[in-house]
Amino acid sequence: MTLRTIKDIEIANKKVFVRCDFNVPQDEEGNITDDRRIKSALVTINYCIDHNCAVILASHNGRPKGEPDPEFTLMPIAKRLQILLKRDVTLAAEVVGDDATAKAKALKQGEILLLENLRFEKGETKNDETFAKKLADMAEIYINDAFGVSHRAHASVEAITKFFPDDRKAAGFLLSKEINFFDRTLQHPTRPFVAVIGGSKVSGKLQAIYNLLSKVDKIIIGGGMAFTFLKALGEDVGDSLVEDELIPDALRIMDEAKKRNVKLYLPVDVVCAQTIEAGAVTICTTTKEIPIGWKGLDIGPATTRLFREALDGAQTVLWNGPMGVFEIEKFAKGSFKISHRIAESHATKIVGGGDTADVVQRADDADEMTFISTGGGASLELLEGKILPGVKALEIKK
Ligand code: AMP
């Protein structure tokens with residue numbers, strides 16, 4: 001797919017609407033605890049400013065219920081943007097009310113206006129065209145730089161694109177970088193291409209695994225989802241997380257892998273406990289001998305060695321999903337060791353999913369990865385082979 005990017009259209013001296021993803025974690029007092037998403041939007045915003053545009057920024061934050069709620073105001077984000085951009089950022093009192101439309105109308109070149117939380121309006125998540133038109137009427141150009149919500153058919157992501165002709169809408173730098181990385185990796189990977197898939201359940205990643213089977217040379221499966229595969233092979237998985245109804249799918253995936261000559265790796269030993277808590281007593285056993293009442297919560301040392309060897313020589317690695325309950329230190333070792341192995345490899349290393357990004361961060365490996373995706377749900381849909389609604393409208397049709 002070829003995406004129309006901000007560089008492909010004429011934006012100089014225009015009024016530009018930029019859909020950003022400023023959905024950032026905050027503490028109880030509303031202080032922003034991680035501003036990576038704001039920082040990653042700066043390239044596009046600065047590009048607009050450098051081209052003498054009047055810039056209207058819009059984002060959601062948290063899950064307000066379609067009406068104004070002070071708990072979810074974008075005020076802290078406006079303040080942080082102001083510091084990062086070293087420029088004034090005006091926050092509108094609402095999204096499309098009198099204050100917002102008047103401020104948008106009066107906005108001059110070089111000035112920045114941030115609308116209030118898009119989800120203060122019911123029309124946003126309903127992809128409502130009347131609401132989308134009100135947003136569209138504020139500007140001459142539409143830029144989507146919100147990869148994290150591009151899999152959602154929401155008004156500021158999808159419906160709004162109907163009100164701009166092709167030469168007035170495009171992807172920002174962040175969105176195009178995300179799409180290009182996944183597109184290039186999935187369509188033209190340097191081989192061997194190894195996918196490392198983990199996380200809690202098979203159900204969440206079933207389509208992604210099916211899709212990856214036609215693209216990868218090896219697939220490594222860890223985390224809770226491995227137990228459905230192991231049970232399908234007749235192993236005793238004790239009380240580990242299993243989705244019985246997906247055992248036929250697990251068998252089909254293993255069969256399909258064999259037919260396609262894709263090497264599929266599963267854990268051979270696990271760290272088990274009877275409860276998922278920091279103080280739990282743990283044992284390490286082979287996956288054939290997990291006692292009843294115990295659950296596998298991390299990959300064991302033999303599995304770590306096996307997975308590390310399977311990663312030897314990889315030229316492209318795609319990682320989505322932790323190898324265990326990494327939130328608890330006792331069950332984090334496997335995920336950290338795999339993170340270190342991927343980080344030290346010379347492959348192109350792509351990390352997708354919020355939890356996996358968190359593992360990489362905690363393992364202090366973030367700087368070594370080639371690319372860490374900012375959107376969990378959106379990146380998973382790309383792995384499933386879907387075209388995201390927010391991206392489809394910005395595609396250059398052949
Ligand atoms: P996902 O959102 O599907 O990528 O799953 C991430 C979650 O999977 C994390 O919160 C982990 O704690 C959890 N997880 C990983 N391994 C296991 C396991 N063996 N048993 C239960 N949960 C797990």
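## Interface between the domains

Across the interface of domain 1 and domain 2 there are 0 salt bridges, a salt bridge being a side-chain nitrogen of Lys or Arg within 4 Å of a carboxyl oxygen of Asp or Glu. The model is predicted: local features need pLDDT of at least 70, side-chain atom pairs count only at pLDDT 80 or more, and totals for chains, interfaces and linings use all residues. Residues are numbered from 1 along each chain as its sequence is written, and side-chain values use heavy atoms, with hydrogens and water left out.

Between domain 1 and domain 2, 1 residue pair is in polar contact, both at pLDDT 80 or more; a polar contact is a pair of N or O atoms within 3.5 Å, where within protein one must be able to donate a hydrogen and the other to accept it, and residues adjacent in sequence count only if both atoms are side-chain atoms.

## Extent of the domains and their contact

Domain 1 spans 6-175 and domain 2 spans 182-383, with bounds from an automatic or database domain assignment. Their centres, taken over C-alpha atoms, are 36 Å apart. Contact (heavy atoms within 4.5 Å) links 7 residues of domain 1 with 10 residues of domain 2.

## Surroundings of Ser156

Ser156 is buried, with a relative accessible area of 0%; buried means under 20% relative accessible area (1.4 Å probe, protein chains only). The side chain of Ser156 makes a polar contact with that of Arg19 at 2.7 Å. Not counting residues up to four places away in sequence, Ser156 touches Arg19, Leu118, Glu124, Leu135 and Tyr142.

Key: Buried < 20%, exposed > 50% of the residue type's maximum accessible area, 1.4 Å probe, protein only.
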